[in-house]
Amino acid sequence: MTKLFTMIGVALFLMTACVNDGKPRMSETERARYDSTLMVVQDLERALDGAYSADLSQQKRLWEASQNLYYNYNPMDMDSAAIALCQQLKDRIRSLYISINETLEDIAKTQMLIAVDKSDYLMETTEAFPLYLHKDDVLRFNVSMEKPCNVRIYNADSRSLLKSYMGKTTVNDTLLIKNTAIYLVEVNPRTTQYASLGIAYSVPTLERYMHPQLVETEMVEGQKGSFRVLSTKGINMKDIFDEPRSFTLRSQFKSIFSGNSRALVALQIPKGATDVMYSLRISTSEQARSADGEFYDNMSTSYRKIRFLGLPLYESQRGIGLLGQLLDDNRPLREEDAYCDMYVFADPSQARRFQNGESTSELKYNVDYSTMGTQSCNGRIPTQGLRTIYLGFENARLRYTTYIWVEAVAAIPVTEYFQAKYTVVDMPL
């Protein structure tokens, strides 16, 4: 009898241990996996409740989370209650996955993907808004202007005009896309005015809705007559010297005995050039610098950086614009104690008289572009149809020798052509 009571007591103890205070029994690892998965499921269920009001990035995160949601469990060391609980979570995940996809499919069928949304937008020139669309997408465009404008819809890949609306203040239309390609909504305001622009599109599948793509635009060189080519005034630069012209200008006192305090250099102007840009480095040391001889290359590099901005070549009376910006970007370093006088001559006889030592007060030179007591600098001289311009340099100092390096570049106006290059990229979250 005692043995029987002992066996009953052991059985009751084991039953109590299995119940585990009423909680389903599972290992710590399975418990942690269950708890973390349950937390994710609860978060997704809350997100699903607000899916319709969420933006595309939030909807995409919800969809991607549902695609990656996975749960499995090991029934070993589990009681029946724990197995039932884990299976219930698996069923809940399966139902959640179906609900998320059905909800997002409904959203994809009813909502538009916004490409452009601008209000009170000041337009001064024609702008084209690119979109990458697939067959069976529907493009919607809404343009509202204060004054008449022109709107055109292009297939950029086939370079074909699909629709045009000329002289309208309001354009509100749709287009069913027949071919997968890059499309352009081009708006020409015809005059500077404010606009409201809305461009959007709908897609037929959830996969397309979840993976919208953007179009990046880069301006590249084009050719006259190409599709939607743009023209702008630019310049072709030509180096006037093969290498910098260098001079040693003796002081006024020393030149009495040897050498010369003056130097003259002739700038041969290429045909068609309207301006000469020069770089003048003045030093108290005859040692050359590594930057000497790089004026043309540096100017060309600066021009390549800004040539797509459509800046004007220059304003002939004031010399501002593109040439002024190029010169500002490439000014030589100055030495405080190094300076000289520079004279600009158009007449070769006057330049020869300068070279022969006649007083500058008796000579005719261009006062506007000559500089007295100048330090290292650069500048622009209009050619005014001349084939040769002469630069005269004089060291006006009594005691110190001055060393000079001169470089010059001719600017020839040209018409340059640019066109847009489009690249399709995935839209980031």
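Predicted model: local features only at pLDDT ≥ 70, side-chain atom pairs only at ≥ 80, totals over all residues.

Student: Why is Glu-286 called exposed?

Tutor: Its relative accessible area is 60%. Exposed means over 50%. Therefore Glu-286 counts as exposed.

Student: Where is Glu-286 found?

Tutor: In the loop between strand E11 (275-283) and helix H6 (295-306).

Student: What is Glu-286 in contact with, leaving aside its neighbours within four places in sequence?

Tutor: Tyr-403 and Trp-405. Contact here needs heavy atoms within 4.5 Å. Glu-286 and Thr-402 are 116 residues apart in sequence, yet their C-alpha atoms lie 8.1 Å apart in space.

Student: How do you know that the span of helix H3 agrees with its number of residues?

Tutor: H3 covers residues 56-68, which is 13 residues. At 1.5 Å a residue, the helix should span 18 Å. Its end C-alpha atoms are 18 Å apart, so the two agree.

Student: Which residues of H3 are buried?

Tutor: Leu-56, Gln-59, Lys-60, Leu-62, Trp-63 and Ser-66. They cover an arc of only 160° around the axis, so they sit on the same side of H3.

Student: What covers the buried residues of H3?

Tutor: The cover includes helix H2 (28-49), helix H4 (80-110), strand E1 (113-123) and helix H5 (206-210).

Student: How many helices and strands does the protein have?

Tutor: Eight helices and 16 strands. Of its 429 residues, 39% count as buried, the cut-off being under 20% relative accessible area.

Notes:
Residues numbered from 1 in each chain as written. Heavy atoms only, no water. Helix = DSSP H or I, 4+ residues; strand = E, 2+ residues; numbered from the N terminus. Expected span 1.5 Å × (residues − 1). Buried < 20%, exposed > 50% of the residue type's maximum accessible area, 1.4 Å probe, protein only. Arc of directions from axis to C-beta.
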